[in-house]
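Reader: I am new to this structure and would like to learn how to read its charged side chains. Could you walk me through them?

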Amino acid sequence: MAPAGPRSGDAIFASAERVNAELFTLTYGAIVRQLLTDLEEVEEVNKQLDQMGYNIGIRLVDEFLAKSNVSRCIDFKETAEVIAKVGFKMFLGVTASVTNWDADGTCCSIVLEDNPLVDFVELPDTCQGLYYCNVLSGVIRGALEMVSMKTEVTWARDMLRGDDAFELQVKLLKQVPEEYPYKDDE
């Protein structure tokens, strides 16, 4: 019997239990609004959203690996493609593309074709420094750290700030060697 191949993001998304997209979008908006009220400083809200995303990412990677049947990626380029084509489709129902690779293959852009987090959102003038979807950069950073990749994830373009697309820049800082918690008895 042949081993099962990796499932596509579309197949996983179609079979996954879902929450109403509008409810999800409005709940996320309420969280951002509450952070703005509590923290008052836009830069602090950006940091908090990134940290929330990081905490989600370190837990979400287990579900991703269990449900997607994706085997170990051979390099950072393949990892970025899996995030864009399978991860974003699996969890947000959107497709993303990977572009703008640097010569070393350690930095790329992930461009979202659609972003359900921003439905019904318009930033007021007092929040122009806010990266409303900063939770996504934290999710990617946290998930990649769990698979031994230390990264820096920043927003290059944001439609809420007047750009023509949502674009995340993902930079591999270092590949962390896997450490095992114990050694086998010799």
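This is a predicted model: local features need pLDDT of at least 70, side-chain atom pairs count only at pLDDT 80 or more; totals for chains, interfaces and linings use all residues.

Reader: Which side chain does E44 meet in a salt bridge?

Author: Here is the general idea: side chains of opposite charge can pair when their charged atoms come close. In this model, E44 pairs with K47, at 3.6 Å from N to O. Both lie in helix α3, which covers residues 42-68, and they are 3 residues apart, about one turn of the helix. K47 is partly exposed too, at 49% relative accessibility.

Reader: Where do K67 and E63 lie?

Author: They also belong to helix α3, 4 residues apart, again about one turn. K67 has a relative accessible area of 40% and E63 has 33%, so each counts as partly exposed.

Reader: How many salt bridges does a search of the whole structure find?

Author: The search gives 7. One of them joins R157 and D164, whose closest N and O atoms are 2.6 Å apart. These two residues and E167 are linked in a network of salt bridges.

Reader: Is D164 buried or exposed?

Author: D164 counts as exposed, because its relative accessibility is 60% and the cut-off for exposed is over 50%. R157, at 25%, is partly exposed.

Reader: Which residues gather in a patch of negative charge on the surface?

Author: Those are E22, E113, D114 and D119. Among them, D114 sits in the loop between β2 and α5 and is partly exposed, at 45%.

Methods
Residues are numbered from 1 along each chain as its sequence is written. Side-chain values use heavy atoms; hydrogens and water are left out. Patches are made of residues with over 30% relative accessible area and no salt bridge: like charges are joined within 9 Å, nonpolar side chains (Val, Leu, Ile, Met, Phe, Trp, Tyr) within 5 Å. Accessible areas come from the Shrake-Rupley method with a 1.4 Å probe; for residues, only the protein chains shown count as cover. A salt bridge is a side-chain nitrogen of Lys or Arg within 4 Å of a carboxyl oxygen of Asp or Glu. Lys and Arg count as positive and Asp and Glu as negative; His and the chain ends are not counted. The place of a charge is taken as NZ of Lys, CZ of Arg, CG of Asp or CD of Glu. Helices (H or I, at least four residues) and strands (E, at least two) are DSSP runs, numbered from the N terminus. Buried means under 20% relative accessible area, exposed over 50%, partly exposed in between (1.4 Å probe, protein chains only).
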